[in-house]
Amino acid sequence: MSKWYELKLQNFLSLHPRMRLTELGEERVVVEGEYYLNAQMDGYEAIQETYKLRIIFPPHYPRALPQVIELGNRIPKNSDYHTNKDRTFCLGSEIRLKSILLEHPSILDFIKKILDPFLYAVSYKLRYDFYPFGDLAHGEKGLIDDYQRIFKVADKASVLQVLRALGKRKRVANKLPCPCGCGQRIGKCDYRFNLQGWRRLERRRWFREHLSEFTPVKKEKKKKPKKQTDSKKKISPNSRMAQGQGALEASSF
Ligand SMILES: [Zn+2]
């Protein structure tokens, strides 16, 4: 139990006396009940609401992300409210949540930095039908937007380059072109120190699998000097279409 004690489970329960433990193992902790939200975001009104929630902290928390389920029926179960049909919340992109929890692993931090801002935004949307800070796009577009901000890169191709580099050993990654746009190899650019930090979030294999969930970026045609002899190759329409397909299912939010 010491792990959960260190993660401030008791402090959480005393802050939310209407939530109770329904499972307490060395491995997994489940709390359930009325969650009282009392939050205010800069420049916006204070919101007090009560939601009936179940929060599941998995065995490898904080490395593995908690699941939050709305047991009541206040929040519509659709992507406008970032809530899945199975009633779980899409609290944010995996890499964003992992980086928050890596720095701030306690349950109180999870509440303060992830759950409350989410519930605040959704409560605001329920009242006024729009999000106070603008809505994240859904699905792959939302993920890419978010990752562009986290990785501080300009476009989707660069986001995928970052994920690709994180999926490889450092020595191999250093030989890849740098995603920051400097035109150098990663090993020559200070951007490698950022990559170093993100490597702590997950194993290389995770990044490789995550990368494979994205639709590839169409490569721009390189302008090669044309050979006069070359015969024109037709691009089959099928191969083009296949590139645009395959939406990101697992991590849409
Ligand atoms: Zn660079």
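**Figure 1. Ten helices and four strands make up the chain.** Helices are DSSP runs of H or I with at least four residues, strands are runs of E with at least two, and both are numbered from the N terminus. The model is predicted: local features need pLDDT of at least 70, side-chain atom pairs count only at pLDDT 80 or more, and totals for chains, interfaces and linings use all residues. Residues are numbered from 1 along each chain as its sequence is written. Along the sequence the elements follow the pattern α-α-β-β-β-β-α-α-α-α-α-α-α-α. Of the 253 residues in the chain, 23% are buried; a residue is buried if 20 or more other C-beta atoms lie within 10 Å of its own, exposed if 12 or fewer, and partly exposed in between, with C-beta atoms placed from the backbone. Among contacts between residues at least 6 apart in sequence, 46% join residues at least 24 apart; two residues are in contact if their C-beta atoms, placed from the backbone, lie within 7 Å.

**Figure 2. Four strands form an open sheet with antiparallel pairing.** The strand order is β1-β2-β3-β4, where two strands pair if DSSP finds at least two bridges between them. Strands β1 (19–24) and β4 (67–70) stand at the edges with a single partner strand each, so one side of each is left without a neighbour in the sheet. From one strand to the next, the twist averages 35°. Helix α4 (residues 107–128) packs on this sheet and touches β2 (29–40), β3 and β4. The direction of α4 makes about 60° with that of β2; such angles run from 0 to 180 degrees between N-to-C directions, and axes are lines fitted to C-alpha atoms, for helices over the stretch in contact.

**Figure 3. Strand β4 pairs with β3 (residues 46–57) in the antiparallel sense.** Four bridges connect the two strands. Isoleucine 55 stands opposite valine 68 in β4, and arginine 54 has isoleucine 69 as its bridge partner. The loop between β3 and β4 contains proline 62. The peptide bond from tyrosine 61 to proline 62 is cis, with omega near 5°.

**Figure 4. The largest nonpolar core has 25 residues.** A nonpolar core is a set of buried Ala, Val, Leu, Ile, Met, Phe, Trp, Tyr and Cys residues joined through C-beta atoms within 7 Å. Val68, Ile107, Phe110 and Leu115 have the most contacts inside this core. At least two of its residues come from each of α2 (9–15), β2, β3 and α4. The largest share, ten residues, is supplied by α4. Leaving aside neighbours within four places in sequence, leucine 115 is in contact with Val68 and Phe110. Apart from this core lies another, of 18 residues, with Tyr147, Leu163, Ala165 and Phe207 among them.

**Figure 5. Isoleucine 111 is placed in helix α4.** This residue is buried, because 21 other C-beta atoms lie within 10 Å. Apart from neighbours within four places in sequence, isoleucine 111 is in contact with Phe12 and Asp116. Although isoleucine 111 and phenylalanine 12 are 99 residues apart along the chain, their C-alpha atoms are separated by 8.5 Å.

**Figure 6. Helices α6 (residues 156–166) and α9 (residues 204–212) cross at roughly 145°.** Their axes come within 7 Å. The crossing is left-handed, a term that applies if the near helix is turned anticlockwise from the far one by less than a right angle, with right-handed used if clockwise. Helix α6 contributes Leu160, Leu163, Arg164 and Leu166 to the contact, and α9 contributes Arg204, Phe207, His210 and Leu211. By class, the contact has five nonpolar, one polar and two charged residues; Ala, Val, Leu, Ile, Met, Phe, Trp, Tyr, Cys and Pro count as nonpolar, Asp, Glu, Lys and Arg as charged, and the others, Gly among them, as polar.

**Figure 7. Lysine 8 has a positive phi, and so does aspartate 129.** Phi of lysine 8, which is not a glycine, is about 70°. Lysine 8 lies in the loop between α1 (2–6) and α2, and counts as partly exposed because it has 18 C-beta neighbours inside 10 Å. For aspartate 129, also a residue other than glycine, phi is near 65°. Aspartate 129 is located in the loop between α4 and α5 (139–151), and counts as exposed with 8 C-beta neighbours inside 10 Å.
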